[in-house]
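Here is a structure to look through by way of questions and answers. Each answer sets a value against its cut-off.

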Amino acid sequence: MGDTTRNRTFPHGNDNDDATAPPSPSPPEMVYYEGCPGCAMERKKENNTGTPYKEFFYVGVTTLASALPISSLFPFLYFMIQDMHVAKNEQDIGVYAGLLGASYMIGRCFASLFWGVVADRIGRKPIIALSMFSVVIFNTLFGLSVKYWMAIATRMLLGSMNGMLAPIKAYSVEVCRPEHHALGLSVVSTGWGIGLVVGPAIGGYLAQPAKQYPNLFSENSIFGRFPYLLPCLFISLIAFAVLISCIWLPETLHMHKNLEREVEMVGDSRAAPHREVPHSEKSLYKNWPLMSSIIAYCVFTLHDTAYSEIFSLWAVSEKKYGGLSFSSKDVGQVLAVSGAGLLLYQIFVYRHVHKYLGSIISSRIAAALSIPLLATYPFMTHLSGTKLGLAIYFAAVIKGAFATTILTGTCILQNSAVSQNQRGAANGISTTAMSLFKAIAPAGAGVLFSWAQKRQHAAFFPGDQMIFLILNLVEVIGLVLTFKPFLAVPKQYDFK
């Protein structure tokens with residue numbers, strides 16, 4: 001067998017026993033290949049039934065570092081476009097800001113599938129490390145941008161070179177036993193969600209430091225000449241620390257040749273080195289369990305992204321337009337509390353929800369409950385003071401928990417619908433489609449919000465009610481997609 005290590009198990013008993021009764025069949029044995037990192041990980045999981053907190057910590061901080069650059073520019077984006085003097089008048093700033101904000105997702109949309117396929121060939125760890133390196137380089141260059149074309153180019157390169165999301169999802173389920181898959185993917189969602197909340201805070205507090213903190217930074221310093229470098233540099237330093245920590249990141253991809261032939265030579269009493277249910281190696285695009293879960297995932301992503309955009313616009317708009325008249329600080333506090341609640345939910349609650357309900361049932365229940373919850377938002381404008389605070393904080397936290405339940409559940413379906421050697425590519429397809437929907441959602445939500453404000457006094461579903469009605473219609477479409485025949489589930493899996 002050359003590069004394999006194995007232990008044979010022989011039936012016990014004496015010669016008389018063997019003569020009078022057939023020997024008991026040997027229990028199946030695992031075949032591990034020396035030097036294969038995937039086999040080493042499988043052996044580790046076989047010997048350790050506990051939760052791999054160390055690996056989950058790496059997954060969480062790596063996802064966090066990858067998510068920080070995405071939203072960190074939004075607090076200072078308007079001022080950055082203004083300083084570049086690219087817009088002919090103030091009304092055009094929003095157009096240029098929208099293009100710059102979407103450039104990251106456009107770059108990621110075109111490259112995610114490629115990085116997922118590469119991760120299936122050379123491993124998860126190299127792509128994760130390369131992604132962190134790209135954040136260090138291109139995010140810093142973005143902070144040094146003084147021309148609009150340079151800002152667009154660096155953001156698009158950052159999106160296209162940061163191919164971490166596909167392999168990190170695959171990695172999060174490969175470092176743990178099946179009973180911990182839900183927790184592993186929820187760690188990815190947690191890191192991502194925290195990054196999208198903390199990123200704007202970093203951008204808001206550290207941008208234009210010479211104006212915000214004149215006692216610490218002078219106009220003649222490097223941070224005075226490049227007013228948006230400090231937040232980008234701070235995030236790049238976090239990414240650099242994570243890049244160094246990748247040295248201790250274990251690989252999970254199986255790397256040995258002729259596996260099926262060599263396992264067959266061992267005998268029928270042996271099993272493949274990993275315990276995944278085998279999948280046919282047909283085209284991923286013909287794998288309907290995978291593609292149907294991706295479609296549902298994209299619809300829910302569209303809803304969640306549009307909700308995030310609309311919530312911020314609705315909360316700061318005046319009450320005469322159906323809003324809450326919040327300040328940007330008030331909105332930030334709501335998002336911070338929502339992020340903290342989301343973190344607690346994913347760490348302490350979600351694993352139990354998934355354990356008892358499974359991926360599909362939990363997603364359906366969360367989607368169904370989101371509909372009446374969103375329907376209450378327009379009526380919060382009639383509240384004030386403590387009642388309004390309690391209502392909006394509670395609703396934001398619960399809505400975040402529902403969204404996490406849905407998106408994590410559909411991610412589990414995607415990763416379970418393929419074998420390991422196709423998991424990176426499958427997540428690449430998912431990330432590509434999701435990036436496209438994430439690029440469409442903010443623009444569509446902005447247009448919807450502007451249109452709704454103009455019909456605030458309509459008799460049939462006035463502006464603010466119309467906004468949340470359309471959001472609920474998208475949620476209903478997603479809910480329908482979780483039922484047969486729209487959602488297909490492989491027969492060999494029990495998703496409840």
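pLDDT is the predictor's confidence in each residue, on a scale from 0 to 100. The model shown is predicted, and its chain averages a pLDDT of 81, with 86% of the residues scoring at least 70.

Q: What makes residues 24–28 a stretch to read with care?
A: Over residues 24–28 the pLDDT stays under 50, and the model has 6 contacts there beyond four places in sequence. Where pLDDT is low, the predicted coordinates should not be read in detail.

Q: How many contacts beyond four places in sequence does the model have for residues 258–280?
A: The model has 50 such contacts for residues 258–280, yet pLDDT stays under 50 over this stretch too.

Q: How many disulfides are counted, and what is the cut-off?
A: The count comes to 0 disulfides. For C39, the nearest cysteine sulfur is that of C36, 3.6 Å away. A disulfide needs two cysteine sulfur atoms within 2.5 Å, so C39 is in no disulfide.

Q: Why is C39 called buried?
A: Buried means under 20% relative accessible area. C39 has 1% relative accessibility, so C39 counts as buried.

Q: Does the term for C411 come out as buried or exposed, and what is the value behind it?
A: C411 has 5% relative accessibility and therefore counts as buried.

Q: Why is I477 called partly exposed?
A: Partly exposed lies between the 20% limit for buried and the 50% limit for exposed. I477 has 49% relative accessibility, so I477 counts as partly exposed. I477 is found in helix α18, which covers residues 463–480. The C-alpha atoms of I477 and A296 are separated by 8.6 Å, although these two residues are 181 residues apart along the chain.

Q: How do you know that the length of helix α9 agrees with its number of residues?
A: Helix α9 (residues 181–206) has 26 residues, and at 1.5 Å a residue it should span 38 Å. Its end C-alpha atoms are 37 Å apart, so the two values agree. Just after α9, Q208 takes a positive phi of about 50 degrees.

Q: How many cavities of 30 Å³ or more are counted, and what volume does the largest cavity have?
A: The count comes to 1 cavity of 30 Å³ or more. The largest cavity has a volume of about 50 Å³.

Q: Which helices each supply at least two residues of the lining of the largest cavity?
A: They are α14 (288–316) and α16 (385–416). The largest share, 4 residues, comes from α16. Among the lining residues are F300, H303, K399 and E475.

Notes: Residues are numbered from 1 along each chain as its sequence is written. This is a predicted model: local features need pLDDT of at least 70, side-chain atom pairs count only at pLDDT 80 or more; totals for chains, interfaces and linings use all residues. Side-chain values use heavy atoms; hydrogens and water are left out. Buried means under 20% relative accessible area, exposed over 50%, partly exposed in between (1.4 Å probe, protein chains only). The expected span of a helix is 1.5 Å times one less than its number of residues. Contact means heavy atoms within 4.5 Å. On a 1 Å grid over the protein atoms alone, a cavity is a set of points where a 1.4 Å probe fits but cannot get out, and a pocket is an open set with protein on both sides within 12 Å along at least five of seven lines; lining residues have an atom within 4 Å of a point. Grid points are joined across faces, edges and corners, and a volume is the space filled by probe spheres set on the points.
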